[in-house]
Amino acid sequence: MSPRRGLAVTIVASSIPMFLVALNNLVVTNALPEMGKDLGAGLNELQWVVNAYVLAFAGLQLSAAALGDRLGRRRVFVGGILVFVAASAACALAETTELLIAARVVQGVGAAAVFPLSLTLLAAGVPRAKRNLAVGLWGAVAGTAVAIGPLVGGAVTEGLNWQWVFWVNVPIGLAAIGLAYWALGEGRGTGKGLDLLGMLLGGGAVTVAVWAIVEAEGRGWTSPEVLGAFGAAAVLLIGFVAWERRTPDPLLPLTFYRSRPFVLSNLVSLTMYFGVFGSIFLLVQYLQGPLGFSPLEAGVRTLPWTLMPMFLAPVAGVLTSRVGGGPLMAVGLALQAIGLFWIGALADPGREYVALIPAMVVAGTGMGLTFAPNSATVLGAVHDDEHGKASGANSTIREVGGALGIAVLATVFLQSGGVVGPDPTAGPDAFFDGLVPALYVGATVVAAGALAGALIRRPRRVADSTAGAADAPVPAPDPGTAPVASVDAGGASGDAGDAGGASDGSGAGSGAGSASRDADPARV
């Protein structure tokens, strides 16, 4: 589908709302102390100002994507923006912690509809030849939102007050609604039913699991509440899988998990967000603790790491079409792992900030090379009408990975003797006793993700002079795959593009060619 109002406008219309909801994942972190003073809230209550959003955001993305397939993707996308804007105003007006937390839950509900559908609408609204470039720019916006969230929160809180962290969403969100109606076309999936039981089971499993993860560091990983929550999540997940096997219109088609690119790309997402969120969380503590920077100053000093995706993600999107998503993700996560190991090796009470900059640039470069190829590969592993479900699954994995990374690395930090803040009983190296092993754990997990990326096959190419498909990869079947429909170089360019998109995802989507649909090469 060609863009309704031009490529640039389509990218902006789909990306601005996504930027807002991604930004609000972390934007409140540096505003929490002022919220606590104003509302009389303790640390445990303030943690739920963050966690309430994460729980709703992570738990409902699959359901929101399914609603978009059934009711209209743009309609649900715009509805999500409207809910998010209304909840942002409610957050700003909240006079008690309980009201603020409740409004944050509703904010997360709106965000869950916006994030996965923004990528789906973008992929449908740009020409296939420009899709990887568009996904690269989308990835740059997503990475920037994650990067500057704490920085924006600190700046707004210091310059105005904490309520403006939420008020700023209102005018931008309302403008984004009008832009979405003007620039984005409507679209639906092919399913006719709505998997309500799947929504309950799947959403419940993710929500309970994320609750257990975020509570594990405080309550203990082996506490009865946490173990019980993990057990309940496992039961819900088993029920979800059993139901999805039999329902005619599944919330998440299990055939996705017969696709090597889809499975491995989601593993890459899990490990990358584990390392990124967990390590940046600790890095901010390092900058504000031993190095003595204010919250705003600390946010500024993370930019050599966190802004790199803004510059590199569009380039990675273009390269995805040429070298494949797998190699780029493997290199990206390898660089991120090297950067984390490097920061861990440098961490020392007498170390100056400037010594960390090269390691942060390497880690950020790795992020920039991973965002766009990951999204493109996930979309490319499924048909166009399944983009919403695939995007919802990938976004959910990202949120779970981020929550897991913060919880696990914080636990490693504490169990290794790490101490945050002044403690007369702790030695001068106490913070680093916890920081270094935690960073090494994060780097090891990210390195495992690099191996997963390397296992996604690089596509081979065929020439097709009739449609410029020389860059379209053709899948090499995995062992045990069903036969792939053959494509001749002269007259089946549409099917070649479809098959190529499904090979390692570098085509960022499969089209409606009949041969590719019948053979379904993305599925093992």
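Residues are numbered from 1 along each chain as its sequence is written, and side-chain values use heavy atoms, with hydrogens and water left out. Because the model is predicted, local features need pLDDT of at least 70 and side-chain atom pairs count only at pLDDT 80 or more, whereas totals for chains, interfaces and linings use all residues.

A nonpolar core is a set of buried Ala, Val, Leu, Ile, Met, Phe, Trp, Tyr and Cys residues joined through side-chain atoms within 4.5 Å, where buried means under 20% relative accessible area, exposed over 50% and partly exposed in between (1.4 Å probe, protein chains only). The largest such core holds 70 residues, of which Val-21, Val-28, Met-35, Phe-77, Leu-100 and Phe-166 touch the most other members. A second, separate core of 47 residues includes Leu-26, Ile-280, Phe-432 and Ile-456.

Three salt bridges are found in the structure, each defined as a side-chain nitrogen of Lys or Arg within 4 Å of a carboxyl oxygen of Asp or Glu. In one of them, Arg-73 meets Asp-69 at 2.9 Å, N to O; Arg-73 is buried, with a relative accessible area of 5%, and Asp-69 is likewise buried, at 6%. Arg-219 pairs with Glu-215 at 2.6 Å, N to O, and also with Glu-225, the closest N and O atoms being 3.9 Å apart. Glu-215 is buried, with a relative accessible area of 11%, while Arg-219 is partly exposed at 41% and Glu-225 is partly exposed at 40%. Through shared partners, these salt bridges join Glu-215, Arg-219 and Glu-225 into one network.
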